[in-house]
Amino acid sequence: MSDDLDATAKALDREYVFHSWSAQAGLDLPVIAGGSGTVVWDHAGNRMLDFASQLVNVNIGHQHPAVVAAIQEQAAQLATIGPATANLTRGQAAERILSKAPDGFAKVFFTNGGADANENAIRMARLHTGRDTVLSTYRSYHGNTGAAIVATGDWRRMPNQYARGHAHFFGPYLYRSEFWATTPEEESARALHHLARVIQSEGPATIAAILLESVPGTAGILVPPPGYLAGVRALCDRYGIVLILDEVMCGFGRTGRWFAFDGFDVVPDLITFAKGVNSGYVPVGGVIISDAISATFDDRVFPGGLTYSGHPLAAASIIASIDAMESEGIVDNARRVGADVFGPGLARLAGAHPLVGEVRGEGVFWAIELVADEATREPVGPEVIGQLKKELTSRGLLPFAAENRIHVVPPCVVTHDEAAQALAIYDEALTSVEDDLF
């Protein structure tokens, strides 16, 4: 019977569901019927370690009882409410979020997810400054709505360029440096010089915002080198530009900190969030707004809104998530597992496998970059990634793949034992693929 349910789920999916970022023919997706913590399973009971956190969002783990209970209790009390009302749960959710933000942040604008969080942050920056242009990096992903997808630097923006006023620049990425750098310090200084020249060439008086992921995620988990984010902040201050830090993927515990930027001596003007704020149990995102930008709209209408802004079920899940992460030490767990297990364990894999060009990351936010040649750093092709995904899945690990990389991104509740188990699976799968290649 359970096998029949898995077959039915696959058949219904193939027949009726149109999937994002995919050619639809030939898709063969895993069935997930349930989950708990770091583990998911299908209807037949086959269990897998979820080392994708679905879309790098299930930070608190699957089916956390406190979050599930909070949603159930809120649904019984008030399932929905319009945004043009005051609601206790919504206000408490905003209060919880602001308690984790730096000093100088006044309000939270709630959205349905990360893309429209970035969309509205861009709108706020343009209205606040009276300028138009938004700068963002080529290696970035900011969402799949009008301005957010054009702010995105990767290939996905190219068939979707319907928004105006965007320009791109190269951010730091020492392993594939655009600046002939050989040290993190050189990469930082040269990337900042490049950004300064882009600002000057675009015209500082035209630039409303610089939009950056604090730690670029889908682009490769590119931890900024020393001084880079602080240097971007200094350039924004010099030219009166709003700094928007996108914490949609890297925020709420993913790096072992509440916000990823907390580790880089920088405070932005706007912070966008989604994903980990409630682990995606109910769709939600938002913008955390600095005092100065919030004051712009004290006596001026902000021309934006969403039917489900601050939805009570989402708000209840945020309260429960933040409270549980705090009381259970989940953010600190992510930091410890990253420092004690993933950091040294992935370094050992890099030393043992010719396919591994570099590993990088922090907390539960790591990338294994795979190369066909260690000397030239030529990326492996999609066929190698496809084979590696099959090897990992067959060994009971649900992977996250992006271009020539496997991202190691489990929930923040992952245990030391689960992390060690996953490292052994990565090791076995890499060995199997290398045996076929070399």
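How far apart are the mean positions of the positive and negative charges of the protein chain? In this predicted model, the mean positions of the 32 positive and 51 negative charges lie 6 Å apart, with Lys and Arg counted as positive, Asp and Glu as negative, and His and the chain ends left out. Each charge was placed at NZ of Lys, CZ of Arg, CG of Asp or CD of Glu.

Residues are numbered from 1 along each chain as its sequence is written. Because the model is predicted, local features require pLDDT of at least 70 and side-chain atom pairs pLDDT 80 or more, whereas totals for chains, interfaces and linings use all residues, and side-chain values use heavy atoms, without hydrogens and water.

The protein chain contains 13 helices and 16 strands, assigned as DSSP runs (helices H or I, at least four residues; strands E, at least two) and numbered from the N terminus. Of its 438 residues, 55% are buried (under 20% relative accessible area, 1.4 Å probe, protein chains only). Contacts (heavy atoms within 4.5 Å) between residues 24 or more positions apart make up 72% of those with a separation of 6 or more.

Helix α13 comprises residues 416-437 and reaches 32 Å from its first C-alpha to its last, close to the expected 32 Å (1.5 Å times one less than its number of residues). Its buried residues include Ala422, Ile425, Tyr426, Ala429 and Val433.

Thr89 is located in helix α4 (residues 88-100) and is buried, with a relative accessible area of 11%. Beyond its neighbours within four places in sequence, Thr89 contacts Gln74, Pro312, Ala315, Ala316 and Ile319.

Definitions and conventions
Buried < 20%, exposed > 50% of the residue type's maximum accessible area, 1.4 Å probe, protein only.
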